[in-house]
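Subject: Structure handover

Hi,

Here is the structure I promised to pass on. My notes on it follow below.

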Amino acid sequence: MKIEEKKLTNGSKIIGVKMPGTKSVMIAFGFKTGSRTESDEIAGISHFLEHMVFKGSKKRPSTELISKAADSIGAQYNAFTGKEYTVYWIKTSVNNFDLALDIVGDMVTQPILSEIEIKKEKGTIIQEAKMYEDNPNINIFGKIEQVLFGKNEMGREIVGFIKSIKATNEKKMKAYYRKYYNGSNCRIVIAGDLPKNYIKRVDTYAKILPSGKNNNWKKVNFNKSKTELHTKKTEQAHIGISIPGYSVTDENRHVLVVIASILGGYMSARLFTEIREKRGWAYRVWAYTEEASDCGYLGVFGGVKKDKAIASLEIIKKEILNFSKTVTDEEIHRAIENIKGSSILKYDNPEEVGNYIMMHSLLKDIIETPQEMVKKVSKIKKSDIVQVAEELFTLDKLRITVIGPFSDKKKFVKILA
């Protein structure tokens, strides 16, 4: 894997990732802005704008013309919005590089953003917000972040509020686009089978963006409340335990990833074994980590039998609090080898490699490859695991989130007493 980086006069950066043996190329335009940029009044506008970019651009002024152009070369294309970023990507064969670049390049640098299309898309966005709210299996992740961060930009749902969605208009959206879609906030990643002179070809679109200011976030604090109950008529109890962790710039984040794997990263992990295999209380129990530019966390979630919600949370709590004393060399070795093996499978793909490099370039302005991440994980020792677990896994740092048909919050609060 060979990497080339070029900084342009407007502040944007083009990052080329040559992947020998691949037959496809992924082109991604990423912007350092997301829901963390928004006030409550415009909550959800980053995600709304992501939708609108696909509604028409200068060369292809409708969704139909954009999709027909992409479909004519069999391209895969999509976009995603996070708390701190928005990324648009297209993947195609190298023979179709120029057309694919023109599709996504024109979309992100010259979108139309018309009032007529904004009004029509409001209904779609509102239905998307309601879909997430109706599905606790998805909604649990947003609720976990809500209990961690509270009522601030990091704790708010990316999709925004129904009220703010309805209030979105062309003037607000164009003002937001002009402020944050600039060269200083832009990273362009080209990964896979790179064509000749790709930097010059990409620069044609990148230089359309004005220089602008680099987006920075105001500091957020973790929420003081430790237990949140969301009463909802469900067939399962959806539960979560979360703990403040590390940012994307902290090297200890790799240690926490290994710990999450041991707790609930695969079918032989502790919590999967204890709650699903031994007791049959759940179909899925999982652990994961999330990192932002200046903060992060470890989360555990599961859908369990309603009458076993408290018992399941007690098991998760016990495993977390006792982790530093009970973790074994065999568990650590298995977790590290699992990460190494799954990374080979996952990152044998220009799309995954491109998105990985994009995230690190946007959030900490450095290039880290998946291979470099694996090397760091491979060097983790038991002493590193124990040190991080002792630092993070204390009762006062645990947060509980519950979605289910319960009305008495006190019985869940007692778990952390």
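The second largest pocket is lined by 13 residues, and Q146, K151, G155, R156 and F161 lie nearest its centre. A pocket here is an open set of points on a 1 Å grid over the protein atoms alone, where a 1.4 Å probe fits, with protein on both sides within 12 Å along at least five of seven lines; lining residues have an atom within 4 Å of a point. Its lining divides into one nonpolar, five polar and seven charged residues. Asp, Glu, Lys and Arg count as charged; Ala, Val, Leu, Ile, Met, Phe, Trp, Tyr, Cys and Pro as nonpolar; the others, Gly among them, as polar.

This is a predicted model: local features need pLDDT of at least 70, side-chain atom pairs count only at pLDDT 80 or more, and totals for chains, interfaces and linings use all residues. Residues are numbered from 1 along each chain as its sequence is written, and side-chain values use heavy atoms, without hydrogens and water.

Now the rings. Ring pairs link F31, F54, Y77, Y88, Y177 and Y181 into a cluster (Phe, Tyr or Trp rings, the six-membered one for Trp, with centres within 6.5 Å; planes under 30 degrees apart are stacked, over 60 edge-to-face, the rest tilted). The count comes to 17 aromatic pairs. F54 and Y77 are stacked, at 6.5 Å centre to centre and 25 degrees between the planes. F54 is buried at 16% relative accessibility (buried is under 20%, exposed over 50%, partly exposed in between, with a 1.4 Å probe and protein chains only). Y77 is partly exposed, at 27%. Y177 and Y181 are both buried.

Best wishes
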